[in-house]
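Hi,

Here is the structure I said I'd pass on.

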Amino acid sequence: MKKKKNTYAEITRARKLLELPEQATLDEIRTSYRKLIRKWHPDQCQEERQRCLEVSARLNDAYALIIAYCAGYRFSFTEEAVNKHLSDEEWWLNRFGNDPLWGRGGAL
């Protein structure tokens, strides 16, 4: 049996249900899911029990879909890709670290 690929629409619905922006880290995904599942878990929920069960199930499905999508994502470990994620300070030091004018300890 061929594995079903998730469509953009399915991923987008799951992302919105989990209240995620268009770009999120795994930590942000987990945090948002945990916050929402605490709110909607049938043992905690203040709404009608059946609604809580339905929303919890939808949240679980959305989280599983997003995590499966992330697990199948191919990450690039090239220098160019890694350098796209440098902090401002790391970028500056990589660029000017040894420069006598702009680098560390080289001010006039």
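Below is what turned up, going from the whole chain to single pairs.

A word on the ground rules: this is a predicted model, so local features need pLDDT of at least 70 and side-chain atom pairs count only at pLDDT 80 or more, while totals for chains, interfaces and linings use all residues. Residues are numbered from 1 along each chain as its sequence is written, and side-chain values use heavy atoms, with hydrogens and water left out.

The protein chain has five helices and zero strands, where helices (H or I, at least four residues) and strands (E, at least two) are DSSP runs numbered from the N terminus. Of its 108 residues, 27% count as buried; buried means under 20% relative accessible area, exposed over 50%, and partly exposed in between (1.4 Å probe, protein chains only).

Helix α1 covers residues 8-17, with E10, I11, T12, A14 and R15 buried. Those buried residues pack against α3 (49-71). Just after α1, E19 takes a positive phi of about 60°.

E19 also shows up in one of the salt bridges. The whole structure has two, a salt bridge being a side-chain nitrogen of Lys or Arg within 4 Å of a carboxyl oxygen of Asp or Glu. E19 pairs with K35, with the closest N and O atoms 3.4 Å apart. E19 sits in the loop between α1 and α2 and K35 in helix α2, so the pair ties together parts that are 16 residues apart in sequence. K35 counts as partly exposed because its relative accessibility is 46%.

The other pair is D27 and R30, at 3.4 Å from N to O. Both lie in helix α2, three residues apart, or about one turn of the helix. D27 counts as exposed at 54% relative accessibility, whereas R30 is partly exposed at 28%.

Of the 30 residues lining it, A24, Y69, C70, Y73 and F75 are the closest to its centre. For the record, a pocket here is an open set of points on a 1 Å grid over the protein atoms alone, where a 1.4 Å probe fits, with protein on both sides within 12 Å along at least five of seven lines; lining residues have an atom within 4 Å of a point.

Cheers

Definitions and conventions: Contact = heavy atoms within 4.5 Å.
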